[in-house]
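Hi there,

Here is the structure I promised to pass on to you. Please open it next to this email and follow along as you read.

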Amino acid sequence: MRSTPMRGSPLRRAIAGWFLLTVVVTAGTAEAQRSQLPVDWSDNNTSGALESFERDMARTPRPKSLPTSRQLSLPRWGFGIDLVRPNANERARSLSSTTSTTEIAWPSCAAAVPKVGEAEGDTRDWYSDDYDWGCISINIMGDRNYDPRLRTEITTSASDCEVKNGRSTTAVTPSLQFDRGSFVLHLRLNGIPYTINGSCLRGAEAFCTNRAAQCALVERLILKGGAPQ
Amino acid sequence: MRVGNAYIRAVLVMLLGVVGTSDATAQRRHDFSYFGPGDLQPMATEKGVRDRRVFFPDFAFPLRVGPHAGSDGQPLHAYLNSQIFRAPGVAVNGIENYVYPWRDNYCESQRGWSMPNCPAGIGHQGQDIRPSSPDNQVWDVLAVDDGEVISVNANTTVIVRSSANNGVTCRYLHMQPVLVKKQQKVVRGVTVMGKVSNFMGGVPGTSIHLHFDCEATHPELRRKVFMPVYTSLVASYRRAWGLPDLVAQRILARDPEREAPSDAGGCATSSEVLEATRGLNVSSRWVHNCSEMGAVVDGSSLKLVYLRPQTTVVEAARRNPVLVQGNLQDSRFRGKAIRFNKDCNDPAFDISGDFSLDAQSFVLTGERAVLGSNCKGIDTTIENLVFERAESTGGRPQGPDGQPSPSVVGLTCPFGLKPGDKPRIIGGVEFPPKSERSCNFTAITLPGGQSFESMPQYVQQWPGILSEVLTDRFDDQIITLRTAEAGVGLWYYWVMNRARHGEGLEHSGFGQKPTPTLAQLARAMAGAGRSADYVQKVYLAPYVKFASTYFSRDVDDDERIDMSIPENRWNLARTMFRLESGREPVISRKQFECGIALGLDVNADFQTAGIEKNPQVKAVFSKTRGLAYYIDECGKSGDQPPPSTPSTAVDGPIAELNRKLEIATSQISVLMREKSALAVEKTSLEERLNSSLSRLQSLEREVSRLKSQEPESTEAIRSDHLLQSLQAENKLLAARIQSTERELLLMTQLLQATREICRLKSTNCG
């Protein structure tokens, strides 16, 4: 068995050392400029969704479930396979208790199943997931971090779509002509700010100008990960 | 009527771009100016947000811009303005849109997005930015911050989350092509995100521009919203063009040269001073919501009173001219502000904030009740009272009668780095060193983490002081100054008034005619907490060594040096500066002498004010002149020349040549040292390259041998990877050697040129 030829290279060691130092310094700097919001897992819909999610996970044949410490520390709200007609499992994991009963003005050009691209931070305290249905794509991100220099204490529940008792209500003016092509919803779920960014391509323009339809999306959110730490 | 006039003015301004001469257009295109934050295009019906806070002070500008940013070294501009409101007849991508001044268009109307921070509750989410010219898919979009791409969609919207992990995300819209992928790490000011284009709805559907916006938690709304980014963009653009960003305490100061007066209407100020406050002795003047205010300080009590109120509040200000009153403790203000409401007797509410007389602006914040028709509270709201300095004095106190103190606008330390440049590291040492980059030649430091407001008054009030600081290797803060003269003056002031000496370091300063010893200065520089060994090794021994060079004789460590003799203080200064910079001091004799003149003038004003005795007092600069005077005018005939010295005693052109020769000699010395250092580095790199090449050859032989034995073996593949890795390393090393050789060549050429100058003057440059 031959040894790895470059293991002892001073240059490699220097580069590795520099890299390590950079990582440490960067981490230290970042640490000083952020604070985290606590997560409220206690409301009925979330705790119910969490129970269903954990049951689903237990049933899923996986090699080994992730330890809690390696899971997201906030609820990973996202969308199911069929946004228009969620299946029973998805309904059980829904943020809203009325998922199955509400209609959504979903564009007919949208693909039946979205392409999903997930991303999350190494610190497990934020995530950003993309859902692409072809003519419409939606990103949802949740993030516990904020800049402490802002000296903020988030005490109010401010959302573009108010979620009360699991139902969204809308009180926003209709969108105007220059808004076509995109929409943004700021939500507060479980005490954490979430942002939904939507883009509408040809055939889906109407959705991007229909605030009620956008807010109805909130009722389609289902729990896809995360665990109380 | 006002709206109509504003509209007509706006149209006329835009039409100038159509009917003006090409020279005039060129002038407007290349002379950066901007309207203030919240000053939306007058044709827009909604109001903007007049918030001067810079929420993202470290951002780079999102397009590649600057005086030499073009691939051909030509300047690249950007133009922030409305994509909706244009002069009649001007096309969406018409060149007439590519002009200064900039316009904020955060909260612009005709947009229906929910925007809690906009006065109307809806509006535009960010800022539209036109590139240098209306060419599609040409201009680079750059990352504004270090971060990670967290979303890219088919509509070419890119979202980046800042790596500071503070919840800040920014969006870049309308690009084509997009050159980054999800989860890619991006670097501030370096990573090209894509090209400016006109994509919207998946097709070319808008003007050629970048839409840029950022989300963060708003400090008053206490929720995540799209934040105002205009001030951050102004600051970063200024930096890209080598202008001071004018950001102090995270607030954008007003630039009287480049910030256009508001044309938005509604900001008419009363032409007469309010009778109730006429003749009041105010410490400083401020602008609040278009009203001119005065700060009245009496001990720890502070009042902010109306002097010339905005026309809409004249009656209310007559009724109640004191808007804010309370007490200052250190720099923290707590007190009451009134909310004009005649029917409810102008109710007061608690307010607080950081206040400093020499700040460019400050914000007082409080929660006030929203009153119903019966004057009872029905809700609460956060109120921010923003005060901006009435005159741009670079953060310095005012002189008598409100005249500005020493002007500092546009000045930067001549030995500082250009924006975006980084110091070179040669042999583990930074070039140029921090003491030069900061124009703080003895690197006077203050403990790390100390805020600017809590620094000693002589520092806070020193002309040309910057609130941004460099840090030394102990994380202490090196005070940074705008001019070399201000730095020399600060050093001399420190010697006269601040240097601690005596057996128990009980004395401060060596007085107006200082005669310190090298040993005393070494101890004062090291500080009380250092051991005698440390002082000897780090300060005194080098001082003695360097002094022998600059004084051209041995100087004992306990010899009193009479600093009232110009030659002595020049030699002593170079001795001390030499130790901090690690190389021949770069400062010229003229800069030094004019710096001494500045130090003496400021000292006189500080003595008059009693700065050292009373930390609360604010100096009035009656003797000290504007910083530009000490650069341009100081030493000219008939106007306070620098003290004569043997080398500058001869008047006229010969004296001037002597001064230039002195600078050239100093520069040659510096260049020689850098050349030596570069040569050492080159040798080291060559040795490493040779070593790597040797290793490479050995590995190539190994790979050949392995392939001949077992072509697909794991070991061979591993060696292949190592080979590729080594080849890449070698390429890097070769590039660095080439770069070093180029630098050496340039330095040699510069050296030759300088020697040629010396030869022409028949002088030995050493």
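In strand β7 of chain B, B:C170 is the bridge partner of B:V160. The pairing behind this joins β6(B) (residues 158–162) to β7(B) in the antiparallel sense, over four bridges; two strands count as paired if DSSP finds at least two bridges between them. Strands here are DSSP runs of E with at least two residues, and helices are runs of H or I with at least four, both numbered from the N terminus. A hairpin is formed by β6(B) and β7(B), with six residues between them, and B:N165 in its turn has a positive phi of about 60°.

Before you go further, please note that this is a predicted model, in which local features need pLDDT of at least 70 and side-chain atom pairs count only at pLDDT 80 or more, while totals for chains, interfaces and linings use all residues. Residues are numbered from 1 along each chain as its sequence is written, and chains are lettered from A and ligands numbered from 1 in the order in which they are written.

Back to the strands. β7(B) also pairs with β12(B) (residues 210–217), antiparallel again, over five bridges. There, B:H211 is the bridge partner of B:L173.

Is β7(B) buried or exposed? Five of the five residues of β7(B) (residues 169–173) are buried, so the strand is largely enclosed by the rest of the structure. (Buried means 20 or more other C-beta atoms within 10 Å of a residue's own, exposed means 12 or fewer, and partly exposed is in between; C-beta atoms are placed from the backbone.) In a regular strand the side chains alternate between the two faces of the sheet. In β7(B) both faces are covered, with B:T169, B:R171 and B:L173 on one side and B:C170 and B:Y172 on the other.

Now for two helices. The axes of α8(B) (residues 518–526) and α9(B) (residues 532–550) come within 9 Å and cross at roughly 135°; axes are lines fitted to C-alpha atoms, for helices over the stretch in contact, and angles run from 0 to 180 degrees between N-to-C directions. That makes α8(B) oblique to α9(B). (Under 35 degrees counts as roughly parallel, over 145 as roughly antiparallel, 65 to 115 as roughly perpendicular and the rest as oblique.)

For the whole of chain B, there are 14 helices and 31 strands, and 41% of its 766 residues count as buried.

Enjoy exploring!
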